[in-house]
Amino acid sequence: MILPNENIRLLRPYEPGEQPQIAGFIKLNTNENPYPPSPAVLRALKQSIKDRLRIYPDPQFRQLRSITAQRWRVSAEHIFVSNGSDEVLRLIFQCYLSPGDSVAGLFPTYTLYETLAQLFGATMHYYELDDDLRIPEALFKRVPHKIICLSNPNPPFGTFYDTELIALICRANPDSIIIVDEAYVDFAPKHALALVKLFDNIIVTRSFSKSFGLAGLRIGFGIAQPHIVEYLYKIKDSYNVNVMAQIAAIAALQDIRYYRQIIQNIIASRSHLIKELTKLGFNIPPSSANFFFARWCENARWIYEALKRKKILVRYFDHPRLADGLRISVGKENENKKLITALKEIVKNEKKSTKRTKTR
Ligand SMILES: Cc1ncc(COP(=O)(O)O)c(C=O)c1O
């Protein structure tokens, strides 16, 4: 039997959240958008399905790049379009890493960075957030890593770090590629795109999966200075982003008003959920994403399981630093209501049974 390379044999694959195969679940476990895409997106997809499927997609994404460039006030040469933002992350790692290099990331953060580092024979070096979720001082000095990954907002807490802090890291580390993963930035107060003009070692990555509700189509993009973008084009698959994904993304960008509204709804629901769950006894750090991390006073697996029995899926991480909490994506209003009701019941029953055990 021929074996693959050692790093592939030893690779710990990324574990995505569960996608239930039966209907009826309230899905608050993978940070998808609970609202449908804009009606303009659905119309554009319907109109194109007959004529466009037999033809290859534009490998240069000219129309989408031009609209994206206008929207974020950069030139088209700064934009690389990818099969979900995960693809642009993988291509950056492939471009810049050699076996033996290291990659820096906050801890905790998006776990795909570690999988990608292993895939290209590099090691992951974590900079652990303190109890207030602040970035460790060491990262503001020069560090010996080829790539530094900064997700902003950062999962699983949804913490937002000010652009000034990111600029400090870029300034201190001119020999590293700094990835600012802004998959959730549309739910946050600011973005870091201005830094692309200032630093030639930064790439900001964006997703159409979250705020634009197109997770199923797989489309994202990266914005960086042209010398980085050109390398990404050089190594991508010829047709990495399918026709329908490009059509949907163009239509979505042409209907920004719709998306502003659903983003506002999600932000308002996030505040409401955090307030209600805090009343129930959860401790929730501030979040600037479409999810938040609800901490319980002990291991929270039982709450995850109790919710699952009620057909509500949230995310539980079996890790010492995260096992006391649940990452919960913000849903539609009726879903959030059901979550609050379910949690009230679960917590009440737990309090009753603890009281019984104590009085026995
Ligand atoms: C921080 C972060 N970056 C990137 C992604 C990937 O997004 P996409 O669907 O665009 O590949 C995710 C997905 O959950 C994420 O949490």
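Modeller: Just after helix 3, Arg 73 takes a positive phi of about 50°. Keep in mind that this is a predicted model.

Colleague: Okay, where is Arg 73 placed?

Modeller: Arg 73 is in the loop between helix 3 and strand 2.

Colleague: Is Arg 73 buried or exposed?

Modeller: Exposed: the relative accessible area of Arg 73 is 71%, and the cut-off for exposed is over 50%.

Colleague: Which other residue has a positive phi, near 65°?

Modeller: That would be Lys 311, also a residue other than glycine. Lys 311 lies in the loop between helix 11 (301-309) and strand 10 (312-313). With a relative accessible area of 37%, Lys 311 counts as partly exposed.

Colleague: Back to helix 3, then. Which of its residues are buried?

Modeller: Helix 3 covers residues 62-72, and the buried ones are Leu 64, Arg 65, Ile 67, Thr 68, Ala 69 and Trp 72.

Colleague: And what covers the buried residues of helix 3?

Modeller: The cover includes strand 2 (79-82), strand 7 and strand 8 (220-224), along with helix 8 (226-235) and helix 9 (243-253).

Colleague: Let's switch to the ligand. Where does the ligand sit?

Modeller: The ligand is in the largest pocket.

Colleague: Which residues come nearest to the ligand?

Modeller: There are 13 residues around the ligand, and the nearest are Ser 85, Asp 181, Tyr 184, Ser 207 and Ser 209.

Colleague: What about the serines? Which part of Ser 85 lies 2.7 Å from an oxygen atom of the ligand?

Modeller: For Ser 85, a backbone N or O atom lies at that distance. With Ser 207, a side-chain N or O atom is 2.6 Å from an oxygen atom of the ligand. Ser 209 also has a side-chain N or O atom 2.6 Å from a ligand oxygen.

Colleague: How much of the ligand does the protein bury?

Modeller: The protein buries 92% of the 400 Å² that the ligand exposes when taken alone.

Colleague: Which element gives the largest share of the shell around the ligand?

Modeller: Helix 4 (residues 84-96) does, with 3 residues.

Colleague: New topic: cis peptide bonds. Which residues does the one with omega of about -5° join?

Modeller: Phe 107 and Pro 108. Pro 108 belongs to the loop between strand 3 and helix 5. Pro 156 is placed in the loop between strand 5 (147-151) and helix 6 (163-172). For background, most peptide bonds are trans.

Colleague: And Thr 109, where does that lie?

Modeller: In the loop between strand 3 (102-107) and helix 5 (112-119). At 9% relative accessibility, Thr 109 is buried, because the cut-off for that is under 20%.

Colleague: What does the side chain of Thr 109 make a polar contact with?

Modeller: With the side chain of Asn 154, at 2.6 Å. Leaving out residues up to four places away in sequence, Thr 109 touches Tyr 126, Ser 151, Asn 154 and Pro 155.

Colleague: How about Asn 201, buried or exposed?

Modeller: Buried, with a relative accessible area of 4%. Asn 201 is found in the loop between helix 7 (194-198) and strand 7 (202-207).

Colleague: Which backbone oxygen does the side chain of Asn 201 reach at 2.9 Å?

Modeller: The one of Asn 173. A polar atom of the Asn 201 side chain also lies 3.0 Å from the backbone oxygen of Ser 176. Beyond four places in sequence, the residues that Asn 201 touches include Cys 170, Pro 174, Ile 177, Ile 178 and Ile 228.

Colleague: Last one: what's up with Lys 279? Which helix does it lie in?

Modeller: Lys 279 lies in helix 10 (residues 256-279). Lys 279 is exposed, with a relative accessible area of 60%. The side chain of Lys 279 has a polar contact of 3.0 Å with that of Glu 276.

Colleague: And how far apart are the C-alpha atoms of Lys 279 and Lys 344?

Modeller: They are separated by 9.7 Å, with the two residues 65 apart along the chain.

Terms used. Residues numbered from 1 in each chain as written. Predicted model: local features only at pLDDT ≥ 70, side-chain atom pairs only at ≥ 80, totals over all residues. Heavy atoms only, no water. Helix = DSSP H or I, 4+ residues; strand = E, 2+ residues; numbered from the N terminus. Buried < 20%, exposed > 50% of the residue type's maximum accessible area, 1.4 Å probe, protein only. Polar contact = N/O pair within 3.5 Å; in protein donor to acceptor, adjacent residues only side chain to side chain. Contact = heavy atoms within 4.5 Å. Near = heavy atom within 4 Å. Areas by Shrake-Rupley, 256 points an atom, 1.4 Å probe, with all protein chains shown as cover. 1 Å grid on protein atoms, 1.4 Å probe; cavity = no way out; pocket = protein on both sides within 12 Å on 5 of 7 lines; lining within 4 Å. Sits in = over half its atoms within 2 Å of the grid points.
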